[in-house]
Amino acid sequence: MLHRRLISESRAIIRYYAEKYKSQGTDLLGKTVEEMGQVENWLEVEAHNFNPPIYALTLHLMFASKMGFPPDENLIKESEEKLGKVLDIYEERLSKNKYLAGDFFSLADLSHLPFTQYFVGQMGKEYMITSRKHVSAWWDDISSRPSWQKVLQLYAPPF
């Protein structure tokens, strides 16, 4: 499917730019082999476990009617349940580390920003984040970063 291909390519692009500009600003890939391994691990978790249900929720809660199809209530319920399980794993991980890959902000955290912003904003599902103490603190931290706030100022939401 085209949308899956674009998402995969976007992850390759963020890895490329993180490597190319790692000497400028925040090193998003990790400084040691162990840190880099953790970044890659949590990027894979995001790609294969977090993204599929949050993508389905975004599609069905934000765009279905605009794209001419009815939201699939069963898929929405299933996706919320799957995402809840992933967030429970994140809660456990974040109870031991400030960020997903360790105690440093990385691509693993950054990759969660766009869809989670829709999730807590336009979709009104912030309770799934705020009901988890460590996930909530992590979200507050990463979403309040000046660079993300600048993106939000420059980017007009789809509606």
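Is Gln122 buried, partly exposed or exposed? This question is taken up in the last legend. The structure is a predicted model, in which local features need pLDDT of at least 70, side-chain atom pairs count only at pLDDT 80 or more, and totals for chains, interfaces and linings use all residues. Residues are numbered from 1 along each chain as its sequence is written, and side-chain values use heavy atoms, with hydrogens and water left out.

**Close-up 1. Helices α2 and α3 pack against each other.** Two packed helices are described by the angle between their axes and the distance between the axes. Helices (H or I, at least four residues) are DSSP runs, numbered from the N terminus. Helix α2 covers residues 33–67 and helix α3 covers residues 73–94; their axes come within 9 Å and cross at roughly 150°. Axes are lines fitted to C-alpha atoms, for helices over the stretch in contact, and angles run from 0 to 180 degrees between N-to-C directions. The two helices are therefore roughly antiparallel (an angle over 145 degrees) to each other. Their crossing is left-handed, a term used if the near helix is turned anticlockwise from the far one by less than a right angle.

**Close-up 2. The largest nonpolar core has 37 residues.** Such a core is a set of buried Ala, Val, Leu, Ile, Met, Phe, Trp, Tyr and Cys residues joined through side-chain atoms within 4.5 Å, where buried means under 20% relative accessible area (1.4 Å probe, protein chains only). The residues with the most contacts inside this core are Leu83, Leu87, Tyr90, Phe119 and Trp138. Two or more residues come from each of α2, α3, α4 (107–110), α5 (113–120), α6 (127–130) and α7 (133–143). Helix α2 gives the most, with nine residues. Leu87 touches Phe50, Met128, Ile129, Arg132 and Val135, not counting residues up to four places away in sequence. In soluble globular proteins, nonpolar side chains tend to be buried together.

**Close-up 3. Helices α3 and α7 cross at roughly 80°.** Their axes come within 7 Å. That makes α3 roughly perpendicular (65 to 115 degrees) to α7. The contact is made by Leu87, Tyr90, Glu91 and Leu94 of α3 and Lys133, His134, Val135 and Trp138 of α7. By class, five of these residues are nonpolar, one is polar and two are charged.

**Close-up 4. Helices α5 and α7 pack at an angle of about 115°.** The axes of this pair are 12 Å apart, and the two helices are therefore roughly perpendicular to each other. The crossing of α5 and α7 is left-handed. Leu113, Thr116, Gln117 and Val120 of α5 meet Trp139, Ile142 and Ser143 of α7. The contact has four nonpolar, three polar and no charged residues.

**Close-up 5. His60 lies in helix α2, and Asp109 lies in helix α4.** At 10% relative accessibility, His60 counts as buried. Leaving aside neighbours within four places in sequence, His60 is in contact with Phe69, Pro70, Pro71, Asp72, Leu75 and Ile76. Asp109 is buried, with a relative accessible area of 0%. Beyond residues up to four places away in sequence, Asp109 touches Tyr99, Leu100, Phe104, Trp138 and Ile142. Asp109 and Ser143 are 34 residues apart in sequence and 9.7 Å apart in space, C-alpha to C-alpha.

**Close-up 6. Ala101 is in the loop between α3 and α4, and Gln122 is in the loop between α5 and α6.** Ala101 is buried, with a relative accessible area of 5%. Apart from neighbours within four places in sequence, Ala101 is in contact with Gln38, Val39, Trp42, Arg93 and Ser106. The C-alpha atoms of Ala101 and Gly37, 64 residues apart along the chain, are separated by 8.4 Å. At 35% relative accessibility, Gln122 counts as partly exposed, the class between buried and exposed (over 50%). The C-alpha atoms of Gln122 and Thr58, 64 residues apart along the chain, are separated by 9.3 Å.

Technical notes:
Angles under 35 degrees count as roughly parallel, over 145 as roughly antiparallel, 65 to 115 as roughly perpendicular and the rest as oblique. Contact means heavy atoms within 4.5 Å. Ala, Val, Leu, Ile, Met, Phe, Trp, Tyr, Cys and Pro count as nonpolar, Asp, Glu, Lys and Arg as charged, and the others, Gly among them, as polar.
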